[in-house]
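I opened this one to look at how the parts of the chain sit against each other. My notes follow the order in which I looked things up.

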Amino acid sequence: MSGGVDSSVAAARLVDAGHDVVGVHLALSKDAHQTRESARGCCSLEDSADARRVCDKLGIPFYVWDFSDRFKEDVIDDFVDSYARGETPNPCLRCNEKIKFAALLERAVQLGFDAIATGHYALIDGAGNLRRSIDPQKDQSYVLGVMTRDELDRCIFPVGDTEKPQIREEAAAYGFSTASKPDSYDICFIPDGNTQAFLGRSIGMRPGMIVDESGAELKEHDGAFQYTIGQRKGLNIRVPAADGKPRYVTDIDAATGTVTVGPRAALDVRTIHADRLKILHEAMSAASQCSDPIAAHVQIRAHGGVVSCTAHVDLDADTMTLELAEPLSGVARGQAAVLYLPDPDGQGDVVLGSGTICGTE
């Protein structure tokens, strides 16, 4: 239980349905000051207190489980290492993968629990397939696409069939103080919210050059980690482009510290290569075995749009190649590419699986 409105209602619904429910809050830092208070996070001391109050009102046990060591290794260190490689990671997605649906479930099973339930907005259908939530504005199936099949089989998402305004109304009816609590979106382990400063301290300053597409040097920088693919603002390049149009970051070579900038059109990607595959639907396994591609949709950001693609899956190599029907812009290494089977039966898109983007063309 994060201390937010969604997990509060999820717990209440399970209690009402007659389940034996235990509320668990995850402590992700040994130093309480390393998580953000009053900053719309999900793991601070005040969030823990909110979760405890909900459990007290429901009359269920409440525990705090310390996953701070694993969180540092699997989320914080991974975040830093990914930026050091010139990638653009999503720490909340990695937290879901490594902590909330791996470490948490592992301990829960060891203690004899049947399943874990969260307040994520997603659905599991009668066949066990992961589908998009009823509420398209809050759908979180993308960040759940990094789960394994075994993990999904032991998960319950009680609020995925309801739109967010109704969840808040339901929380208010229960008398939960979380009913009007803002949604979480901050990176909880960066207390002051200054990601560049955090990375600077963690990685260290590594001077390099900003160059144009021809390789001409335009400006020196203090570290490639300060830039992301598709970035336009904050480049502070005093030499104008030949056509006078804005420049965007089109490539990052962390090994040499070279940041390449170019025109908007240079951001367009038509082929995505991904590794570290997660298979949630038999269609992905079948495609690899028979070498037939999958006609699917791909989503590369938590709240981004989708495009049609043809997915070539190779489970032996743990890779897939996605040929896009139309270009996507600003695709960066380190992002997750989640595949969907578009609404095969009128019940919503089905998540097929995912991979971590390792290259583009």
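**Ground rules.** I am working with a predicted model, where local features need pLDDT of at least 70 and side-chain atom pairs count only at pLDDT 80 or more, while totals for chains, interfaces and linings use all residues. Residues are numbered from 1 along each chain as its sequence is written, and side-chain values use heavy atoms, with hydrogens and water left out.

**Domains.** I looked up the domain assignment of the protein chain and got domain 1 (5-119 + 158-174) and domain 2 (205-262); such bounds come from an automatic or database domain assignment. I then took the centres of domain 1 and domain 2 over C-alpha atoms, and they lie 38 Å apart.

**Where they touch.** I counted contacts (heavy atoms within 4.5 Å) and found five residues of domain 1 against six residues of domain 2. About 420 Å² is buried between domain 1 and domain 2, and carbon and sulfur atoms give 60% of that. Buried area here is the accessible area (1.4 Å probe) that two parts lose on being put together, summed over both. Which residues of domain 1 lose the most area to domain 2? I get Tyr83, Ala84 and Gly86, together 75% of what that side buries.

I also looked for salt bridges (a side-chain nitrogen of Lys or Arg within 4 Å of a carboxyl oxygen of Asp or Glu). Across the interface of domain 1 and domain 2 the rule finds zero.

**The annotated stretch.** The UniProt record, an unreviewed entry, puts "domain: tRNA-specific 2-thiouridylase MnmA-like central" on residues 197-262. I note that UniProt annotations may be inferred rather than shown by experiment. Over residues 197-262 I read 11% helix and 30% strand, with the end C-alpha atoms 26 Å apart. Helices (H or I, at least four residues) and strands (E, at least two) are DSSP runs, numbered from the N terminus.

**Leu123.** I found Leu123 in strand S4 (residues 122-124). Lys98 is 25 residues from Leu123 in sequence and 21 Å away in space, C-alpha to C-alpha.

**Salt bridges overall.** The count by this rule comes to 24. I picked out Arg53 and Asp50, whose side chains meet at 2.4 Å, N to O. Arg53 and Asp50 are three residues apart in helix H2 (residues 45-58), so about one helical turn separates them.
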